[in-house]
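Reader: I am new to this structure. Please walk me through it in short steps.

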Amino acid sequence: MNTEKDLNRKYMELLFAKQDEQRYPDQKGYVKKREKIERQYWDAVLRSKLPKEQLETMEKQG
């Protein structure tokens with residue numbers, strides 16, 4: 001399992017979910033979807049134990 005690749009994929013999913021939420025602010029389903037994806041992303045971040053600098057670099061590239 002490639003932790004960095006998995007985190008990058010989850011971060012991209014989070015960015016897309018945030019875009020959908022902003023694009024359709026009246027539809028609550030997008031808020032719940034973004035919240036779920038955000039929890040999954042942060043759970044993966046905590047489990048990865050990657051250094052903070054590495055996470056920041058990945059997020060800047062995203």
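Author: Start with a definition. A residue is buried when its relative accessible area is under 20%, exposed when over 50%, and partly exposed in between (1.4 Å probe, protein chains only). This is a predicted model: local features need pLDDT of at least 70, side-chain atom pairs count only at pLDDT 80 or more, and totals for chains, interfaces and linings use all residues. Residues are numbered from 1 along each chain as its sequence is written, and side-chain values use heavy atoms, without hydrogens and water.

Reader: How many helices and strands does the protein chain have?

Author: Helices (H or I, at least four residues) and strands (E, at least two) are DSSP runs, numbered from the N terminus. From that end, the elements run α-α-α. The count is 3 helices and 0 strands.

Reader: What share of the 62 residues is buried?

Author: The C-alpha atoms fill a box of roughly 35 × 20 × 20 Å, taken along the principal axes. Of the 62 residues in the chain, the buried share is 26%.

Reader: Among contacts between residues at least 6 apart in sequence, what percentage joins residues at least 24 apart?

Author: Contact means heavy atoms within 4.5 Å. Take the contacts between residues at least 6 apart in sequence; the part that joins residues at least 24 apart is 62%.

Reader: Is α1 roughly parallel or roughly antiparallel to α2?

Author: Axes are lines fitted to C-alpha atoms, for helices over the stretch in contact, and angles run from 0 to 180 degrees between N-to-C directions. Under 35 degrees counts as roughly parallel, over 145 as roughly antiparallel, 65 to 115 as roughly perpendicular, and the rest as oblique. The axes of α1 and α2 come within 9 Å and cross at roughly 160 degrees. Therefore α1 and α2 are roughly antiparallel.

Reader: Is the crossing of α1 and α2 left-handed or right-handed?

Author: The rule looks at the near helix: turned anticlockwise from the far one by less than a right angle, the crossing is left-handed; turned clockwise, it is right-handed. For α1 and α2 the crossing is left-handed.

Reader: How many nonpolar, polar and charged residues does the contact of α1 with α2 have?

Author: Ala, Val, Leu, Ile, Met, Phe, Trp, Tyr, Cys and Pro count as nonpolar, Asp, Glu, Lys and Arg as charged, and the others, Gly among them, as polar. The α1 side includes T3, L7, Y11 and L14, and the α2 side includes Y30, I37, Y41 and S48. By class, this contact has 10 nonpolar, 3 polar and 8 charged residues.

Reader: How does α1 lie against α3, oblique or roughly parallel?

Author: Helix α1 covers residues 3–23 and helix α3 residues 52–61; their axes come within 10 Å and cross at roughly 45 degrees. So α1 and α3 are oblique.

Reader: How do the residues of the contact of α1 with α3 divide?

Author: Here α1 passes α3 in a right-handed crossing. E4, L7, N8 and Y11 from α1 meet Q54, L55, M58 and E59 from α3. They divide into 4 nonpolar, 2 polar and 2 charged.

Reader: Leaving aside neighbours within four places in sequence, which residues is S48 in contact with?

Author: S48 sits in helix α2, residues 28–48. S48 counts as buried, because its relative accessibility is 15%. Beyond neighbours within four places in sequence, S48 is in contact with T3 and L7.

Reader: How far apart in space are D6 and S48, C-alpha to C-alpha?

Author: D6 belongs to helix α1. D6 is buried, at 18% relative accessibility. D6 and S48 are 42 residues apart in sequence, and their C-alpha to C-alpha distance is 9.7 Å.

Reader: What is phi of K49 near?

Author: K49 lies in the loop between α2 and α3. K49 is exposed, because its relative accessible area is 72%. Most residues other than glycine have a negative phi, and most peptide bonds are trans. K49 has a positive phi, near 60 degrees.

Reader: Are Y24 and Y30 stacked or edge-to-face?

Author: Rings of Phe, Tyr and Trp (its six-membered ring) pair if their centres lie within 6.5 Å; planes under 30 degrees apart count as stacked, over 60 as edge-to-face, and the rest as tilted. The structure holds 3 aromatic pairs. Y24 and Y30 form one of them, at 5.1 Å centre to centre and 20 degrees between the planes, and it is stacked.

Reader: Which residues form one aromatic cluster?

Author: Y41 is buried, at 1% relative accessibility. W42 is partly exposed, at 43%. The cluster is formed by Y11, Y41 and W42.
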